[in-house]
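Reader: Hi! Could you talk me through this one while I have it open on my screen?

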Amino acid sequence: METLLISTGTRHTSLPDSYVRPEHDRPRPEDISPCKDVPIVDLGCGDRPRIVQEIAAACMHFGFFQVIGHGVPGEAVEGMLGVAASFFELPMEEKMKLYSDDPSRTTRLSTSFNVKKEAVHNWRDYLRLHCHPLEKYVPEWPNNPPSFKEVVSNYCKEVRRLGYKIEELISESLGLDKDTVKDVLGDAQGQHMAVNFYPPCPRPDLTYGLPGHTDPNALTVLLQDSRVPGLQVLKDGKWLAVRPIPGAFVINIGDQLQALSNGKYKSVWHRAVVNGDVSRISVASFLCPENNAMISPPKSLVEAGSGAVYRDFTYAEYYAKFWSRNLDQEHCLELFRNV
Ligand code: OGA
Ligand code: NI
């Protein structure tokens with residue numbers, strides 16, 4: 001099988017042509033907005049009305065925020081980043097056992113985004129795992145490094161708890177009962193994880209780790225290596241670099257919460273740039289509606305505006321549409337807009 005994995009263990013000295021973006025579509029560091037920061041919300045501040053209000057403002061204007069005081073133990077976070085690094089340092093033969101470019105596989109190591117569909121590749125390898133229910137998926141997970149299963153299971157449980165807490169806050173911030181968002185997404189929300197590895201890149205000015213995209217799920221909880229920036233968010237037509245804060249999580253609204261909120265909250269374009277010196281790791285946890293959940297905005301949000309912005313759809317329908325496309329096309333939700 002042809003493999004494009006780029007975490008080979010040896011440093012790349014040149015960028016293969018298949019990774020070079022056309023000139024109008026390159027990172028251009030000089031265009032990065034220098035001053036604004038995405039909002040930081042302290043979930044441990046004890047003032048719930050304030051937290052809810054801050055989340056409402058962040059979701060409307062940025063689609064992104066960072067959380068501190070979130071209650072996930074530092075050891076869980078450090079452990080996750082540690083096994084992620086060890087995994088990508090494994091020998092190629094070991095990693096290749098998990099390689100697949102078939103998006104329907106529930107555990108797989110892959111590269112770029114959608115190797116078969118895309119015109120230009122991305123400077124990223126990633127391990128993609130399904131994480132809920134754990135009993136079902138952990139047996140498929142990597143056996144190496146030896147602590148992988150235990151450390152990642154523990155991290156997944158912590159992130160799920162945090163994600164549910166944030167869904168309640170988001171629900172309240174939309175003027176809904178705290179359980180409404182969870183009720184729409186279904187009792188057994190899916191949880192997936194992308195462990196992203198971006199090796200040092202010989203020409204970070206010519207390519208992306210991940211090109212601009214929106215997340216197709218409901219809510220994303222991103223852990224980024226606090227030493228190496230890379231995540232950028234589109235705000236008012238300009239890319240904004242998200243400054244990593246040690247111990248914080250980056251939270252973003254996915255397409256499903258944009259639809260559920262009837263377009264009030266935004267699933268915002270974001271991307272990852274790479275750098276020439278060091279590798280960067282990020283761990284994205286995606287909370288997803290149940291496959292048969294009907295994504296439909298609560299009545300109060302429809303009546304407050306001029307009707308439903310998107311037609312109702314099941315998550316299964318949406319997800320199939322998302323993976324049938326290239327990553328950097330129009331917003332996938334546009335295909336569901338009511339005309
Ligand atoms: C993702 C993502 C950003 C990053 O995996 O969907 O947006 O910083 N990752 O790696
Ligand atoms: Ni993303």
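Author: Happy to! Two terms before we start: contact means heavy atoms within 4.5 Å. Helices (H or I, at least four residues) and strands (E, at least two) are DSSP runs, numbered from the N terminus. This is a predicted model, where local features need pLDDT of at least 70 and side-chain atom pairs count only at pLDDT 80 or more, while totals for chains, interfaces and linings use all residues. Residues count from 1 along each chain as its sequence is written, chains are lettered from A and ligands numbered from 1 in the order written, and side-chain values use heavy atoms, with hydrogens and water left out.

Reader: Great. Which residues of H1 meet H5?

Author: From H1 come Arg48, Ile51, Val52, Ile55, Ala56 and Cys59, and they meet Glu168, Leu169, Ile170, Glu172 and Ser173 in H5.

Reader: And at what angle do H1 and H5 pack?

Author: Helix H1 (residues 48–61) packs on H5 at about 80°, and their axes are 9 Å apart. Axes here are lines fitted to C-alpha atoms, for helices over the stretch in contact, and angles run from 0 to 180 degrees between N-to-C directions.

Reader: What about H2 and H5, how far apart are their axes?

Author: The axes of helix H2 (residues 74–88) and helix H5 (residues 148–173) are 9 Å apart, and the two pack at an angle of about 135°. On the H2 side the contact is made by Ala76, Val77, Gly79, Met80 and Val83. H5 brings Phe148, Val151, Val152, Asn154, Tyr155 and Glu158.

Reader: Now the metal, please. What are the protein donors of the nickel ion?

Author: The nickel ion (ligand 2) has His213 (NE2), Asp215 (OD) and His270 (NE2), lying 2.1 to 2.2 Å from it. Donors are N, O and S atoms within 2.8 Å of the metal (3.2 Å for Na, K and Ca), and water is not among the atoms, so sites may look incomplete.

Reader: What spacing do those donors follow along the chain?

Author: For the nickel ion (ligand 2), the spacing is H-x1-D-x54-H. Distant parts of the chain are linked here: Asp215 is in the loop between E6 and strand E7 (219–224), His270 is in strand E11, and the pair is 55 residues apart.

Reader: E6 and E11 again! In which sense do they pair?

Author: E6 and strand E11 (residues 270–272) pair in the antiparallel sense, over 2 bridges. Two strands pair if DSSP finds at least two bridges between them. Leu210 has Ala272 in E11 as its bridge partner.

Reader: What order do the strands have in that open sheet of 4?

Author: The order is E6-E11-E8-E9, with antiparallel pairing. Strand E6 (210–213) and strand E9 (238–241) are at the edges with a single partner strand each, so one side of each is left without a neighbour in the sheet. From one strand to the next, the twist averages 20°.

Reader: And the open sheet of 8 strands, what pairing does it have?

Author: That one has mixed pairing, in the order E1-E2-E10-E7-E12-E5-E4-E3. Strand E1 (40–42) and E3 stand at its edges, each with a single partner strand, so each has one side without a neighbour in the sheet. Its twist averages 25° from one strand to the next.

Reader: How many bridges join E7 to E12?

Author: There are 6 bridges between E7 and strand E12 (residues 280–288), which run antiparallel. Leu223 is opposite Val283 in E12.

Reader: Which strands does H9 lie across?

Author: Helix H9 (residues 315–323) lies across E3, E4, strand E5 (190–198) and E12, and runs at about 165° to E4.

Reader: Switching to the backbone: which residues does a cis peptide bond join?

Author: One such bond joins His132 and Pro133, with omega about -5°. Pro133 is in the loop between strand E4 (125–130) and helix H4 (134–137). The peptide bond from Asn144 to Pro145 is also cis, with omega near -10°, and Pro145 is in the loop between H4 and H5.

Reader: Is phi of Ser112 positive or negative?

Author: Positive, near 60°, in a residue other than glycine. Ser112 is in the loop between strand E3 (107–111) and E4.

Reader: Last one: what does Val302 touch?

Author: Leaving out residues up to four places away in sequence, Val302 touches Asn262, Pro297, Gly307 and Ala308. Val302 is part of helix H8 (residues 299–303). Between Val302 and Leu260 there are 9.9 Å in space, C-alpha to C-alpha, and they are 42 residues apart in sequence.
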